[in-house]
Amino acid sequence: MRKCRFVYSKTGKARYLSHLDTMEVFRRAFSRAGIALKYSEGFNPHPIISIVLPCPLGHASYCELLDVTLADDFGFSGLCERLNNALPSGLTVLSANLPIKKPGDLRYLDIKIELFYDGKTPRLELLDFAGATWSRIDGGYELTLNALPTKLNPTHIAEALEPDFWRVTRLQTLDADGAAYR
Amino acid sequence: MNQQLERILQRVTKPARYIGGEHGEIVKGERELTFALCFPDTYEVGMSNLGIQILYAVLNGLEGVACERCFLPWPDMTAELKSAGVPLYTLETSRALADCEIIGFSLAYELSYPSMLNMLELGGVAPYAADRDEDAPLVIAGGVCTVNPEPFSKFIDLAVIGDGEDVIVELIDCYRKYRSFGKTRLLRELAEIEGVYVPVFEGNVRAVKRRAVRDLNTSVYPTAPVVPSTEVIHDRTVQEIMRGCPNGCKFCQACFTNAPVRYKSAEVAARQAIASLKHSGCKEVNLSSLSTSDYPELGELTDTLLDYCKPRYINLSLPSLRANSFTFDLLDKVQQTRKSGLTFAPEAGSQRLRDHINKNLSEEDILTACTTAFAAGHTSVKLYFMIGLPGETDDDLHAIADLAHKILRCGSKRVNITVSASCFVPKPRTPFENEPQNPIEELERKQRLLRDILRDKHIRFRWHDARVSHIEYLLAQGKSDLAPALLAVAQKSRGPQAWDEFFDFALWREQLTVNSEQITETGEGQNA
Ligand code: SF4
């Protein structure tokens with residue numbers, strides 16, 4: 001028995017999977033990959049899977065965190081590859097580690113927001129706030145927000161800038177000291 | 001994914017059902033033709049349909065053929081697609097339906113007919129076959145509803161009657177040979193295939209020989225099915241073990257249109273089931289058949305499967321079992337009873353009426369089974385009945401209540417019973433096809449009567465909307481003059497008619513009255 005924390009990316013089509021869907025997809029993927037998980041006790045046993053601070057439906061992420069308890073003392077090497085062969089399009093496991101930090105230690109996020117405007121020009125001064133850097137991209141603007149407190153909802157920030165279309169991508173998870181949270 | 005689609009997906013509910021990309025999806029590069037496999041209901045419903053998964057495997061098994069899925073979008077998505085001018089597309093490669101060579105619909109229930117038309121229109125395809133030009137896709141239909149294809153005959157180029165998996169291969173072959181000869185010639189050649197009905201030739205559909213796969217052991221089975229990533233009704237794989245049913249209840253369309261009864265060997269079924277479980281990672285396997293108790297190797301099959309499933313926390317589910325002692329041993333073994341509860345389908349309350357409809361189940365069977373079950377600790381039972389059956393009198397309804405009360409007394413402790421009553425719909429190709437349907441008011445009176453005599457705090461009574469059953473009847477028995485009404489309902493309704501929340505009786509009545517002679521002012525059927 002061994003706890004394991006996977007870092008995975010959720011991009012492309014997988015952005016549209018809800019939190020619950022994502023957990024089920026992973027459960028099935030572990031099963032397909034032949035990686036046995038520890039099951040809960042009780043009348044209706046289910047594998048113990050949790051996602052630390054899942055990104056909202058529709059957002060992309062390169063730093064989602066999935067905690068599981070492996071049934072055997074698997075080595076971590078090779079796990080990612082096996083899992084990736086069993087995952088649907090848009091979900092890719094990047095690394096497997098022993099979880100050290102607690103979920104509550106996750107404090108900040110690095111976020112990218114892409115903003116697209118049809119015709120109307122945005123009020124550029126709005127993009128110019130502290131902690132943000134921005135650049136032009138094809139058809140719009142790209143805003144990078146470093147160390148955004150997890151309490152703030154990137155959707156609200158994106159919508160406050162009144163684009164006709166936006167995309168949010170989670171780039172990095174950080175702890176209280178601003179170090180990468182893994 | 002293009003940004004136009006991304007914008008739409010950001011606004012609709014449950015966007016994951018519109019994107020494909022699931023485990024097991026097949027995306028073909030080089031292709032000679034694209035077959036859009038359509039189910040005129042939502043993704044969730046369509047993806048649970050075994051026929052869709054079988055045809056997907058068969059068609060994608062053919063070289064040069066790309067079979068891609070397409071389902072009915074929810075009304076919010078429909079509105080978004082329309083306002084953005086994006087045609088309805090296949091999940092695999094986002095191809096508009098209009099750009100596919102063949103569009104195949106699986107029609108499993110009558111109320112999905114308007115949804116088929118919605119899908120065609122959304123996909124950029126003219127609903128009436130006569131309005132489609134030479135380059136338009138070939139529109140075909142299969143599924144249980146093609147026993148009477150007349151109501152939708154003006155919208156399709158051909159219907160496949162019976163099992164689809166062999167016909168579809170012959171059909172594709174023929175299509176490839178004759179596609180360049182023009183539609184009329186193509187259709188004439190296609191009409192030569194056994195089991196194919198081409199409405200423009202105005203033949204008699206009853207003269208078309210229904211196709212039935214001879215050997216289920218050797219026919220293609222989807223052991224690497226598409227595994228939905230979202231919104232599935234059941235997280236399970238389906239293992240077909242037999243097709244058809246030996247019981248011959250006189251109202252049952254499934255029985256008479258799936259004859260003869262064919263069994264898959266336990267060995268093949270187990271091998272396929274295990275392969276599907278390995279591929280899918282699902283936590284349940286469902287043994288699918290019309291009457292599982294009639295499967296000769298049920299004991300062997302469940303033993304083999306349990307050996308595989310138990311250590312892996314996989315459930316084995318066995319629907320459509322008859323109540324007898326063998327069943328109880330079996331249910332004990334698979335430990336399914338607690339989860340699913342007990343269900344019986346006596347269909348009629350009295351032995352007289354059960355004999356009349358050829359339902360082979362005695363009161364003694366039911367009571368013995370319930371007594372055993374309650375003694376073993378079960379506390380609830382579901383009973384399925386049908387009201388409005390030919391020859392039914394109020395005595396038969398009282399017999400339903402009597403039976404329910406007798407079952408209540410089978411347990412020493414308190415037990416709960418759910419009585420569910422559907423309405424008899426005379427279906428084509430059944431012994432009861434020419435029987436009348438009770439008028440709506442009569443069905444509703446019977447429902448009220450049952451509700452009154454079933455008043456008991458341990459009995460829950462549920463019933464089907466008689467108006468829905470009435471429309472099902474008109475569609476099941478309908479002729480080609482229903483076409484304008486179907487199209488009008490498709491265009492004017494707010495959503496899929498098979499969904500209670502959207503079923504619009506007033507609209508059906510209005511359109512059927514305007515467009516054909518099949519319904520009277522009060523909504524009573526012609527035979528009422
Ligand atoms: S047992 Fe069920 S499936 Fe078989 S004929 Fe009777 S109603 Fe139909």
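Reader: In which loop of chain B is the place of B:Tyr313?

Author: In this predicted model, B:Tyr313 is found in the loop between helix 10 (298-309) and strand 11 (315-317) of chain B.

Reader: What makes the phi of B:Tyr313 worth a remark?

Author: The angle is near 60°, a positive value in a residue other than glycine. Most residues other than glycine have a negative phi.

Reader: What is the peptide bond from B:Ala259 to B:Pro260, cis or trans, and how do you know?

Author: Omega is near -5°, and the bond is cis. Most peptide bonds are trans. B:Pro260 itself lies in the loop between helix 8 (253-257) and strand 9 (262-263) of chain B.

Reader: Why is the pair of A:Arg15 and B:Glu6 called a salt bridge?

Author: The closest N and O atoms of B:Glu6 and A:Arg15 are 2.9 Å apart. The cut-off is 4 Å between a side-chain nitrogen of Lys or Arg and a carboxyl oxygen of Asp or Glu, so the pair qualifies.

Reader: Why is this pair said to join two chains?

Author: B:Glu6 belongs to helix 1 of chain B, whereas A:Arg15 sits in the loop between strand 1 (2-10) and helix 1 (19-33) of chain A, so the bridge joins two chains.

Reader: Why are strand 5 and strand 7 of chain A called paired?

Author: At least two bridges are required, and 8 bridges join strand 5 (residues 108-116) to strand 7 (residues 140-149) of chain A, so the strands pair. They run antiparallel, with A:Tyr108 opposite A:Pro149. Strand 6 (residues 132-137) of chain A also pairs with strand 7 of chain A in the antiparallel sense, over 6 bridges. There A:Arg136 stands opposite A:Tyr141. The hairpin of strand 6 and strand 7 of chain A has 2 residues between the strands, and A:Gly139 takes a positive phi near 85° in that hairpin.

Reader: Why is the link between B:Arg31 and B:Thr34 called a polar contact?

Author: The side chains of B:Arg31 and B:Thr34 make this contact at 3.0 Å, and the limit for N or O atoms is 3.5 Å, so the pair falls within it. B:Arg31 is in the loop between helix 1 and strand 1 (33-39) of chain B. Leaving aside residues up to four places away in sequence, B:Arg31 touches B:Gly64, B:Ala66, B:Glu68, B:Thr93 and B:Arg95. The C-alpha atoms of B:Arg31 and B:Ala66 are separated by 6.1 Å, although the two residues are 35 residues apart along the chain.

Reader: Which residues are around the ligand, and how do they divide by class?

Author: The residues around the ligand include B:Cys245, B:Cys249, B:Cys252, B:Cys255 and B:Lys359. By class, the shell has 6 nonpolar, 2 polar and 1 charged residues.

Technical notes. Residues are numbered from 1 along each chain as its sequence is written. Chains are lettered from A and ligands numbered from 1 in the order in which they are written. This is a predicted model: local features need pLDDT of at least 70, side-chain atom pairs count only at pLDDT 80 or more; totals for chains, interfaces and linings use all residues. Side-chain values use heavy atoms; hydrogens and water are left out. A residue is near a molecule or strand if one of its heavy atoms lies within 4 Å of it. Ala, Val, Leu, Ile, Met, Phe, Trp, Tyr, Cys and Pro count as nonpolar, Asp, Glu, Lys and Arg as charged, and the others, Gly among them, as polar. Helices (H or I, at least four residues) and strands (E, at least two) are DSSP runs, numbered from the N terminus. Contact means heavy atoms within 4.5 Å. A polar contact is a pair of N or O atoms within 3.5 Å; within protein, one must be able to donate a hydrogen and the other to accept it, and residues adjacent in sequence count only if both atoms are side-chain atoms.
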